[in-house]
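The sequence and model are shown first.

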Amino acid sequence: MYETSGTCSKMIDVTADENNVIQQVFFLGGCNGNLQGISKLVQGQKIDDVLPRLNGIRCGTKGTSCPDQLCRALEQLKAAPVSES
């Protein structure tokens, strides 16, 4: 879970497989329809393909947006050590 900053959404739960392919994205709060759309569009995409597309998007006068915060969550996920079962 990633705690967002500067957006209407409060948390992002994102998972990726061992190849950094995004499996699921869930936003808590925010504009439900738009965030469901973003979630579906990035599902099945590689993290490295999504980052340059969404990074830096701003919402109005805010310095960030839900897509930009998703990038922060993806960067954190990508940097996390892979746990072996």
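The sections below describe a predicted model, starting with a helix and its surroundings and moving on to the salt bridges.

Helix α2 spans residues 47-54, and its buried residues are I47, V50, L51 and L54. These residues lie on the same side of α2, because the arc they cover around the axis is only 105 degrees. In general, an α-helix has 3.6 residues a turn, so residues three or four places apart point the same way.

The face of α2 turned away from the buried side holds P52 and R53, both exposed. Just after α2 comes G56, which has a positive phi of about 85 degrees.

## What α2 packs against

Three salt bridges turn up when the whole structure is searched. One of them joins D48 and K78, with 2.3 Å between the closest N and O atoms. This pair links distant parts of the chain, since D48 belongs to helix α2 and K78 to helix α3, 30 residues apart.

Are these two partners buried, partly exposed or exposed? D48 has a relative accessible area of 46%, which makes it partly exposed. K78 is also partly exposed, at 36%. As a general point, side chains of opposite charge can pair when their charged atoms come close.

D68 is buried, with a relative accessible area of 7%, whereas R72 is partly exposed at 22%. The cut-off for buried is under 20% relative accessible area, so a value of 22% falls in the partly exposed range.

R72 also forms a salt bridge with E75, at 3.0 Å from N to O. E75 and R72 are three residues apart in helix α3, about one turn of the helix. E75 is partly exposed, with a relative accessible area of 34%. Through shared partners, the salt bridges join D68, R72 and E75 into one network.

Conventions
Residues are numbered from 1 along each chain as its sequence is written. This is a predicted model: local features need pLDDT of at least 70, side-chain atom pairs count only at pLDDT 80 or more; totals for chains, interfaces and linings use all residues. Side-chain values use heavy atoms; hydrogens and water are left out. Buried means under 20% relative accessible area, exposed over 50%, partly exposed in between (1.4 Å probe, protein chains only). Helices (H or I, at least four residues) and strands (E, at least two) are DSSP runs, numbered from the N terminus. The arc is that of the directions from the helix axis to the C-beta atoms. A salt bridge is a side-chain nitrogen of Lys or Arg within 4 Å of a carboxyl oxygen of Asp or Glu.
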